[in-house]
Amino acid sequence: MKVVGIVGSPRSNGNTEYLVRNTLDEISKNGIEVELITLCDKKIDYCTGCGYCKKNNKCHIDDDMVLLTSKVKEADGIIMSSPVYFGDMTGLAKSFIDRLRPLRNIHAFKYKVCGALSCGGFRNGGQESTIASIHDFFLIQGAIIVGDDRPTAHYGCTGVGDTKKDTVGYDTSIYLAHRMCDVLKKINNK
């Protein structure tokens, strides 16, 4: 089994990436392979809505999404993350999501376990609405969505400010990992 963690932040080594790394580290402790994918260092053009992907199950744009789409397709689990930008995900994260349209035609998300993570400047600074947007994408793709596990059991991981000092954000990253592992193991009879 493999889980990829997608960091939809335009900043490298920022607060969002820190929490995604925590989540992936915890998942790897359960014997599941993990891979961190940052989008800030990738070339991702906007979807042009041309419809090519509907007919050919691939995008006509030749950029880093060719490899990224393959990595997402092959993964058993996905953590999608974004910092909050005006109450929602970053444009970079949205472009990434839009460009995964070719996977919808082949129902590639049907048995993928997916979770979301978001960081903001304040505790109620748009993290839940950002996570809800990510969850909408997962639902439309037909994925299995998990939130963080007990004792918090909310939408997913939410971080605030300097996440290295945010104990609640850290805890929810661990709980999200536990829930993902639990469902992945159930689906794969492990």
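Biologist: Which residue stands opposite Ile79 in β3?

Modeller: Gly5 stands opposite Ile79. This is a predicted model, in which local features need pLDDT of at least 70, side-chain atom pairs count only at pLDDT 80 or more, and totals for chains, interfaces and linings use all residues. Residues are numbered from 1 along each chain as its sequence is written, and side-chain values use heavy atoms, with hydrogens and water left out.

Biologist: How many bridges join β3 to strand β4?

Modeller: Strands (E, at least two residues) are DSSP runs numbered from the N terminus, and two strands pair if DSSP finds at least two bridges between them. Here β3 and β4, residues 113-120, are paired in the parallel sense over seven bridges, with Met80 opposite Ala116 in β4. Strand β1, residues 2-7, also pairs with β3 in the parallel sense, over five bridges.

Biologist: Is β3 mostly covered or uncovered?

Modeller: Buried means under 20% relative accessible area, exposed over 50%, and partly exposed in between (1.4 Å probe, protein chains only). Strand β3, residues 77-83, has seven of its seven residues buried. One side carries Gly77, Ile79, Ser81 and Pro83, the other Ile78, Met80 and Ser82, and both faces are covered.

Biologist: How many disulfides does a search of the whole structure find?

Modeller: A disulfide is a pair of cysteine sulfur atoms within 2.5 Å. The search finds zero. For Cys59, the nearest cysteine sulfur is that of Cys50, 6.4 Å away.

Methods
Helix = DSSP H or I, 4+ residues; strand = E, 2+ residues; numbered from the N terminus.
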